[in-house]
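Please keep the sequence and the structure at hand while reading.

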Amino acid sequence: MLGMERQSQFIGESGAFLDAVEKASRAAPLDRPVLVVGERGTGKELIAERLHRLSMRWDGPLVTLNCAAMPETLIEAELFGHEAGAFTGATKSRVGRFEEADGGTLFLDELGTLSSGAQERLLRAVEYGEITRIGSSRPTKVDVRIVAATNANLPRMADEGTFRADLLDRLSFEVVTLPPLRFREGDISVLADYFGRRMAAELEWVQWPGLGQLASEALERHEWPGNVRELRNVIERAVYQWEDSSRPIDHIIFDPFESPWKPKEMATREHIPNMVEPDPVPAAEKQQPEAGFVEVDDMKDAVEAYEKRILESAMAKNRYNQRQTAKSLNLTYDQLRHSLKRHDLLGS
């Protein structure tokens, strides 16, 4: 219903992540608002739950509201409640999230999407500890701790006038900023192993074979715009699609929408993998190698190594089906077999 029931384990060992968790732990016992900042999928909900469970309100309700999920016309009624007849469709009185969270914690996710009217009412609730239902003139006292989360730049929004600066001041007694996964050194492999083992157990595998080298390297190279939530989906998808539980998993799909048969409307430039962008600088104007250019001592060895890497990656992507791999590389079956034999990959 309204309480957040989720698996609240914190998985990770990077210094940046542990520092954020420790900061939340120190702030938890204080009966003050806390603002949790981070990209999507970084675990803001888990931090909110930790702040509640380690506070003096741990045995009170933990109520959550995703502000972005509510239409602007209903967000105030959802937060503060309403009386019968307050607006069209309000056939009876209803308590809001503030009253439901009385004696506990109210977690407001996607805070930056709140309407100006809701911001004004929220400021009064935080400052005076009272709310007024829509359609009522009688204020109600509430004892609620606010924990809010956002991935928006609230200070900039305050400067631009789209978010109340006085409300931001009141809610930012402490700010816990969660690091994105790409900056959590060493945590990708730890999280991947955790999610993989859990999915393997769910599928009743006898053992967890782990991840192969190609899969592990691909995970480390990925930018993870969806952070831990995206990583969990990627790993669980890879495990359930892997058909041989005795071999390390080496087939990773980052974009589940990627398909040669997807509708043309979805085949936008950003979804086309390995797409070569047009070079805006004429070749004649290039006097120096580009930044990141790799110098090699032996051209032939470098090309051979790169070709082997392409073959290994394509074989893993096509689940070691040689005919499908040949098709994906625009090679004949015999050409692929010759290349695999030359690189000693026929046993893969």
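The points below are grouped by topic.

The model is a predicted one.

**Arginine 229 and glutamate 45**
- A salt bridge joins arginine 229 to glutamate 45, with 3.5 Å between the closest N and O atoms.
- Arginine 229 belongs to helix H10 (residues 227-241) and glutamate 45 to helix H2 (residues 44-53), so the pair ties together parts that are 184 residues apart in sequence.
- Arginine 229 has a relative accessible area of 44% and is therefore partly exposed, whereas glutamate 45, at 18%, is buried.
- The cut-off behind the second assignment is that buried means under 20% relative accessible area.

**Glutamate 130 and lysine 141**
- Glutamate 130 and lysine 141 form a salt bridge whose closest N and O atoms are 4.0 Å apart.
- This pair links distant parts of the chain, 11 residues apart: glutamate 130 is in strand E4 (residues 130-131) and lysine 141 is in strand E5 (residues 140-141).
- Glutamate 130 counts as buried because its relative accessibility is 15%, while lysine 141 counts as exposed because its relative accessibility is 60%.

**Arginine 309 and glutamate 217**
- In the salt bridge between arginine 309 and glutamate 217, the closest N and O atoms lie 2.9 Å apart.
- Arginine 309 is found in helix H11 (residues 299-317) and glutamate 217 in helix H9 (residues 213-221), so that the pair links distant parts of the chain, 92 residues apart.
- Arginine 309 counts as partly exposed at 35% relative accessibility, and glutamate 217 counts as partly exposed at 24%.

**Salt-bridge network**
- A network of salt bridges links Glu78, Arg94, Arg97 and Glu100.

**Packing of helices H1 and H2**
- Two packed helices are described by the angle between their axes and by the distance between the axes.
- For helix H1 (residues 15-27) and H2, the angle is about 35 degrees and the axes are 8 Å apart.
- The crossing of H1 with H2 is right-handed.
- On the H1 side, the contact consists of Val21, Ala24, Ser25 and Ala27, which meet Ile47, Arg50 and Leu51 of H2.
- Classified by type, the residues in this contact are five nonpolar, one polar and one charged.
- Helix H2 also contains glutamate 45, the salt-bridge partner of arginine 229.

Technical notes
Residues are numbered from 1 along each chain as its sequence is written. This is a predicted model: local features need pLDDT of at least 70, side-chain atom pairs count only at pLDDT 80 or more; totals for chains, interfaces and linings use all residues. Side-chain values use heavy atoms; hydrogens and water are left out. A salt bridge is a side-chain nitrogen of Lys or Arg within 4 Å of a carboxyl oxygen of Asp or Glu. Helices (H or I, at least four residues) and strands (E, at least two) are DSSP runs, numbered from the N terminus. Buried means under 20% relative accessible area, exposed over 50%, partly exposed in between (1.4 Å probe, protein chains only). Axes are lines fitted to C-alpha atoms, for helices over the stretch in contact, and angles run from 0 to 180 degrees between N-to-C directions. A crossing is left-handed if the near helix is turned anticlockwise from the far one by less than a right angle, and right-handed if clockwise. Contact means heavy atoms within 4.5 Å. Ala, Val, Leu, Ile, Met, Phe, Trp, Tyr, Cys and Pro count as nonpolar, Asp, Glu, Lys and Arg as charged, and the others, Gly among them, as polar.
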